[in-house]
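Welcome, and thank you for taking a look at this chain. Please open the view below and keep it at hand while you read.

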Amino acid sequence: MIRSAEPDDIKAIAAIYNYYITDTVVSFEETPVAVDEMKVRVNKVLLAGFPWLVAVEGGDVIGYAYACQWNTRTAYKYSAEVSVYLSRAHVSKGWGTRLYDKLFEELKSGSVHTVIGGVALPNPASVALHEKFGMEKVAHYKEVGYKFGRWIDVGYWQKKISAG
């Protein structure tokens, strides 16, 4: 099941994300996020009118996806950055696709014109997910992150989702 995030989901959301901080280069954060900080982040997204969705299986939150404003300057108000994270046990089982399906559906019904996704490279699974949704690579920044003793590239994919 996929639904909007609720206050009781925050601990699971933080746990999922913290794995990507401590064990991967997917996130460029280097310090785990406390549950209270994650609550602030989720609430900020929801208060801005963007969706934060969770995937639930057997009563447990196993992944999430959300959108947020691409940039804080007002002319960017119709562009949103999208992200998806899954628990380690639920990667490559179709949950990323289901979360993005629902997220894009909700964004299309709002005022978002363009969605943008950033990917630490290399990451074939994430690239494939974004391209599955018709997003095209529009940028490649070389060696812009440094984590775990190595330089990391970042690519950006985007797609226009409104007719306007």
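In which helix is the place of Lys11? Lys11 sits in helix 1, which covers residues 10–23. Before we go further, please note that the model is predicted, with local features needing pLDDT of at least 70, side-chain atom pairs counting only at pLDDT 80 or more, and totals for chains, interfaces and linings using all residues. Residues are numbered from 1 along each chain as its sequence is written, and side-chain values use heavy atoms, with hydrogens and water left out.

Let us stay with Lys11 for a moment. This residue counts as exposed, at 62% relative accessibility. Here, exposed means over 50% relative accessible area, buried means under 20%, and partly exposed lies in between, using a 1.4 Å probe and protein chains only. The C-alpha atoms of Lys11 and Ala34 are 8.7 Å apart, although 23 residues separate the two along the chain.

Now for the overall plan. The chain contains four helices and seven strands; these are DSSP runs, numbered from the N terminus, with helices (H or I) of at least four residues and strands (E) of at least two. Starting at the N terminus, the order is β-α-α-β-β-β-α-β-α-β-β. The chain's radius of gyration is 15 Å, close to the 15 Å that the globule rule gives for 164 residues, so the chain is as compact as a globular protein of that length. That radius is taken over C-alpha atoms, and the rule is 2.2 Å times the number of residues to the power 0.38. Along its principal axes, the C-alpha trace spans about 40 × 35 × 30 Å.

How much of the chain is buried? Of its 164 residues, 43% count as buried. Among contacts between residues at least 6 apart in sequence, 59% join residues at least 24 apart, where contact means heavy atoms within 4.5 Å.

Next, turn to strand 2, residues 52–57, where five of the six residues are buried. Three bridges link strand 2 to strand 1 (residues 2–4), running antiparallel, and Ile2 has Ala55 as its bridge partner. Six bridges link strand 2 to strand 3 (residues 60–69), again antiparallel, with Glu57 and Asp60 as bridge partners. Strands 2 and 3 form a hairpin with two residues between them, and Gly58 in the turn has a positive phi of about 60°.

Strand 4 covers residues 79–86 and includes Ser79. Is Ser79 buried or exposed? Ser79 counts as buried because its relative accessibility is 16%. Beyond neighbours within four places in sequence, Ser79 is in contact with Cys68, Gln69, Trp70, Thr114 and Ile116.

Finally, follow the chain to strand 6 (residues 136–147) and strand 7 (residues 150–160), which run antiparallel and are joined by eight bridges. Lys142 belongs to strand 6 and is exposed, with a relative accessible area of 65%. Its C-alpha atom is separated by 13 Å from that of Gly118, 24 residues away along the chain.

Key:
Two strands pair if DSSP finds at least two bridges between them.
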